[in-house]
Amino acid sequence: MLVHLMLELYNIDRAILSDEALLRRTLNELPERVAMEKVSPVHLYDIDTSNPLDAGMSGFVVIAQSHISLHAWPEYGEVDIDICSCKEFSQEDAIAFAKEIFKTDDVEAHFVVRATRSLRPEEPDPVRYAEAMEARRLAKMGVR
């Protein structure tokens, strides 16, 4: 199973949405706020399009369970955040964090359950898990 929370936050001050450090901090802190394991650095890009009104910042961070992405449009006072994960998480915590960071209560939230036929179990097989952990330990030691 894969769960996907899509947030659209509106009526945000342009200065907040233009603050690269704040957007980077959002992507850096959000995984921990929803009990996810961050496995990549934050990637944040200044997007310049053929329509200057559509310019903004877009970024993502890879989590062990999938990804978190963000798209900010200062001209429209809007930011969109997606959290996609095969691990369940608190939607309420994610929404509260986003409202706090972007200083708005104007939030639209959508939640979708995907991959309902996935073969990935909720809990790993304990024997296969132990074998994989031992193989990882040996690989880190340089033993094959």
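Read along the sequence, the chain follows the order β-α-α-β-β-β-β-α-β-α, which amounts to four helices and six strands; helices (H or I, at least four residues) and strands (E, at least two) are DSSP runs, numbered from the N terminus. This is a predicted model, in which local features need pLDDT of at least 70 and side-chain atom pairs count only at pLDDT 80 or more, while totals for chains, interfaces and linings use all residues. Residues are numbered from 1 along each chain as its sequence is written, and side-chain values use heavy atoms, with hydrogens and water left out.

**Overall dimensions and surface**

- The C-alpha trace of the chain spans about 55 × 35 × 30 Å along its principal axes.
- Of the 144 residues in the chain, 36% count as buried; buried means under 20% relative accessible area, exposed means over 50%, and partly exposed lies in between (1.4 Å probe, protein chains only).
- The accessible surface of the chain comes to about 9000 Å², and 52% of this belongs to carbon and sulfur atoms; the areas come from the Shrake-Rupley method with a 1.4 Å probe, and for residues only the protein chains shown count as cover.
- Among contacts between residues at least 6 apart in sequence, 62% join residues at least 24 apart, where contact means heavy atoms within 4.5 Å.

**Strand pairing**

- Strand 1 (residues 2–9) and strand 5 run antiparallel and are joined by seven bridges; two strands pair if DSSP finds at least two bridges between them.
- In this pairing, Leu5 stands opposite Ile83 in strand 5.
- Strand 3 (residues 56–63) and strand 4 (residues 66–73) are also antiparallel, with seven bridges between them.
- A hairpin through two residues joins strand 3 to strand 4, and Met57 stands opposite Ala72 in strand 4.
- Eight bridges join strand 4 to strand 5 (residues 78–85), and these strands run antiparallel.
- Leu70 has Ile81 in strand 5 as its bridge partner, and Ser66 has Ser85 in strand 5.
- The hairpin of strand 4 and strand 5 has four residues between the strands, and Gly77 in this hairpin takes a positive phi near 65 degrees.

- Strand 5 is largely enclosed by the rest of the structure, because eight of its eight residues are buried.
- In a regular strand the side chains alternate between the two faces of the sheet.
- Glu78, Asp80, Asp82 and Cys84 point one way from strand 5, Val79, Ile81, Ile83 and Ser85 point the other way, and all are buried.
- Val79, which lies in strand 5, counts as buried because its relative accessibility is 0%.
- Not counting residues up to four places away in sequence, Val79 touches Leu7, Glu8, Leu9, Ile12, Leu17, Leu70, His71, Ala72 and Phe102.
- Val79 and Ala135 are 56 residues apart in sequence, and their C-alpha atoms are 42 Å apart in space.

**Charges and salt bridges**

- The chain has 16 positive and 26 negative side chains, and the centres of the two sets lie 10 Å apart.
- In this count Lys and Arg are positive and Asp and Glu negative, while His and the chain ends are not counted; the place of a charge is taken as NZ of Lys, CZ of Arg, CG of Asp or CD of Glu.
- The count of salt bridges comes to six, a salt bridge being a side-chain nitrogen of Lys or Arg within 4 Å of a carboxyl oxygen of Asp or Glu.
- Within helix 2 (residues 20–33), Glu29 and Arg25 lie four residues apart, about one turn of the helix, and their side chains meet in a salt bridge (3.1 Å, N to O).
- Glu29 counts as partly exposed at 29% relative accessibility, and Arg25 counts as partly exposed at 36%.
- The side chains of Glu100 and Arg33 meet in a salt bridge (3.9 Å, N to O). This pair links distant parts of the chain, with Glu100 in helix 3 (residues 91–102) and Arg33 in helix 2, 67 residues apart.
- Glu100 is partly exposed, with a relative accessible area of 47%, and Arg33 is partly exposed, with 39%.
- Glu134 forms a salt bridge with Arg137, and the closest N and O atoms are 2.7 Å apart; both residues lie in helix 4 (residues 126–141), three residues apart, about one turn of the helix.
- Glu134 counts as partly exposed at 34% relative accessibility, and Arg137 is partly exposed, with a relative accessible area of 41%.
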